[in-house]
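Q: I am new to this structure and would like a close look at a single part of it. Please take one residue and then set it in its wider surroundings.

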Amino acid sequence: PSYLPSNIPTPVPTFNCPAGGYIDNNECVLCPVGKFTNGTGTAPFPTKCHFCTAGKYASTTGSTSCSICSTGKLSNSERTSCDNCKAGEYSYQDTECVRCEKGKYAPIALTDTCITCGAGFYVNTVNESGTYYSETGSTSCTTCDIGYDSDEGSSKCDLADTGYYFSPLNPDNVWLCPKNSECIGRTQAPVPVAGYWVDRRSYDYADGIHKCSRDTCAGGDTANSSYNCWSISSYDSIIESDSECASDKVLCRSGAQGPLCGSCKEGFTYQPAARTCESCADPSLNSGLIIIGVICVIIAIMIGFVISTNKFEKLRYLLSCFDGGSLKVIWVTYQVIISCSWNINVTFPDPFNNMLGFMTIFSFDFLSFDCMQQGSSQSRYFQKLYLWCGFPILLTILIVMVGAIRLTRQMSQYEFNHDKKQVVNQHVWMVLLLTYLVLPPVANKQFQALDCITLSKEKIQFLRIDSMIDCDSNEYKEFQSVILLFILLYQSIPMLWMVLLYYNKSSLDRQIQNYDETLELYIRDNEKSLDYIRFLFNDYRVKKWWFEVIEMYRRIVFIGVIPLASTVTAKRASFGLALAIASALFFREQEPYRLKFTNFIAYVAQVAILLTFYAAISIETGVMISFGLSGVGLGVFLVVSNLSILLLVISSGLYRFKKHQNDIIETQDKAERLEWAVSFTAEKFRTTFDAINERSVPASNILVFHYTSFELAKVAMRSGIMASQHFDGIPFTFRLPHDSSSDENVIFSITTSSNTEPSGFAFPNEVLLVVSLPAVLLRPLRGYEKDNFLCCLNVCVLSAMRSMHPSNIVDVKPWVDGISLLPPTCILRAYSLIDLEEEKEESLSVVNRNSQGFSMQGLHLASRLSEVTEYSRRPSFINNQSWIHDVPLIQKNIHHHHHHEQQSNQINKVNYVEDFLEKMIPMRAQANKHNLIPLYHYTSPSLLNLIKKTGLRMSSQGQGDGGVYFSTR
């Protein structure tokens, strides 16, 4: 047969092989499955079949072509069909199955590539033996365990998840982020938040997040370039101080350095108000200190000027309305409260935290010596503390030296014209005041020098107040021994107070059999020998004379000792809370202050301290959050509770001042209210006094009468009835005006004229004072014991009654001068017995009858008025029976027309009224010769020599008339 067609017929048929077949041994055979031919069914016929290429198959015989496998499938080896690649493989260009690379997986056969594992997943393919594939061919991605993370395509979870970090103890394990820090995961270390610090010397300390005692810890900033500084690799490497990743730059605010950022760099100073290190070159810092200093100086000068002068009487009395005990309570309480934040190591919420910054003036923390010093942080701190300890000692020495100079100098100048004992008292008082003010803040600084912090894991120990000081160094140990000596010295000061108080115990507490605290306080207040230590006991009750010593040690424990009790904040706060509770109970039971209001304020102050410590515990333990309290709410509550003490004291002082002003107005009205009784009959007097006796006189009292002049009646109504030296007290009578005898005329003439014997001139009984007195206090009048209508109130009784005087007296000067008086509260009525206008006309007629001067009666009148006024300046009889003390008299020229008689320029001092009257006799006689009266001009001793040389100077003060002032008194 012919395989090729021919044009000539042949005897054998032409051979035919269809497409998909091939010629084999002269036979046409169809290609088997998996193979194909590309024949067209016409000669020439193919002689063999072709094998399907990879990725193609021929599933039937006689295939003329191979079919392409679907995606992800690959033809089998016989090319008879298409099968999937194995899990963990993918078909590569339809030619082969390739295993997935690391970090990728194929749950089924895929084309050209495998799926990449996402972040937080890793490859988890198991082979036939049940172990993990270590390299390739993963069939799935598994989520990382809690705390772990991975990058895309990772074959393992080798990163930390957000909120976790790799343990310094086992780098393959992750831990939860430490409290008060942020963990960004991956290979980053925990980053402390603001207010906290971590030791970056080694990654072993990475989980030690410590609270800072100041607002100098900025915390790590993960949002800026410092992010790279928190990788694990950045630890355990030496980082230069000027590097971006230096610990002080990464953790501390500007100007701070060292562990806990607890030290200020040179050129910076710590400001308690801001609780940060401020640059010494900052003008606002210097101006702030200058302003505070100037304000303090101005206030001190103003208070001193007001107290030392007779001007600004209302302001002086306003200051006196704030009792010293309440002011002490405020001072002590605020010193304790402002120390809480540092001592407990807790940050209070605003606005209370801001308030504490402004209150640092109570502890003198605004005074800083850092900008005055140079050198290392350690040397600067040592110098500063030596200044704090030594400066008060230098001030004390200066006070003592000035006192010694004042005692040894000639006391010719007015400035030094004081009694030696008074000078000593003044300087002792200044020393005691200095110790009272500086002892707590200095003690606080001293105890801070002993407060070391130990970071056990980091194996470092440093001073909390300045963390650059190593507490294990030899330099610090030497410094500590010196500070202990200073502590011993300063803590002995209250014991010295106790010695001084105990030495005067008999005067402080007389232990009278029938104890009367009011009388005891009066006696103690008038005991001049106690003036130099009065500051220590004056605000306390008689039996509590020792309390200032206890109060000082209590304050020192609060301010300085609490930080040494424990290093744990909660324990410190609990210790302070226990002390506050004990103090509140102690003050409530003891009531040490002499005024009830001060005891109340002291108790409220202890409650405020208690609330402050309780708030600290709430903040530290999280109780505040659990109760739903906001930080601002707690801060406002603490501000109100602590300011309430100050507001109560101010309100009380203003109330006392207002009440005093109202009492003055009321008393002045009473003092000027002179009832007209010129035409009263005897019956009118009796009925009037019967009504007074029934309505206004207690059963234990009795009505008595005192006759006096208009002038002395005004003194009596404004200040009180003055005692008479002649009768050693105040004479009274039971006789009404219509029943009075000659005895009353003589007696009350003596009391009115202040002479020891009747002068022969009967001063008119112009005013009748009606007085209510306890009957048991009245005694027979000396020299008139047989007259049952005459009686006397003794000077000793008047002295005991002095405690009755202060609140309702218009003019307290006679009381201040020590005059023995009966308080005006005892005067129920004052009646005018003569017509004042007629008396004035009679006096004018006397003057007109003698144009050359006053008549003898006028001379006696002026003389008596002078003596009465001089009498008002006398100290109490009970004090050495001295009526006039060191009154200088100048017998100068007496002028009469053109005649001049030179008298002695000698300065005379008299101690008793008899001496004064005796020296006045020749002067009066000389004046009478020329129809003149003696006039008086008061001046200071320092001007005497000038007056003797140049005469009396004209004054431009007073009424502005520019004249020389004289008085008949």
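Leaving aside its neighbours within four places in sequence, which residues is Thr 216 in contact with?

A: A word on the basis comes before the details. This is a predicted model, in which local features need pLDDT of at least 70 and side-chain atom pairs count only at pLDDT 80 or more, while totals for chains, interfaces and linings use all residues. Residues are numbered from 1 along each chain as its sequence is written, and side-chain values use heavy atoms, with hydrogens and water left out.

Once neighbours within four places in sequence are set aside, Thr 216 is in contact with Leu 251, Cys 252, Arg 253, Ala 256, Leu 260, Cys 261, Arg 275, Thr 276 and Cys 277, where contact means heavy atoms within 4.5 Å. Thr 216 itself sits in the loop between β23 (209-211) and α1 (247-251); helices (H or I, at least four residues) and strands (E, at least two) are DSSP runs, numbered from the N terminus. Thr 216 counts as buried because its relative accessible area is 1%, given that buried means under 20% relative accessible area, exposed over 50% and partly exposed in between (1.4 Å probe, protein chains only).

In helix α11 (residues 517-525), the residues Glu 520, Leu 521, Tyr 522 and Arg 524 are buried, and the buried residues of α11 pack against α10 (505-508), α12 (534-537) and α21 (795-800). Glu 182, by contrast, belongs to strand β20 (residues 181-182) and counts as partly exposed because its relative accessibility is 40%. The C-alpha atoms of Glu 182 and Pro 192 are separated by 6.2 Å, although these residues stand ten residues apart along the chain. Leu 646, which is placed in helix α17 (residues 631-671), is partly exposed because it has a relative accessible area of 30%. Asp 470, in the loop between β29 (460-463) and α8 (474-491), is likewise partly exposed because its relative accessible area is 36%.

For the protein as a whole, there are 26 helices and 42 strands, and of its 969 residues 44% count as buried. Among contacts between residues at least 6 apart in sequence, 62% join residues at least 24 apart.
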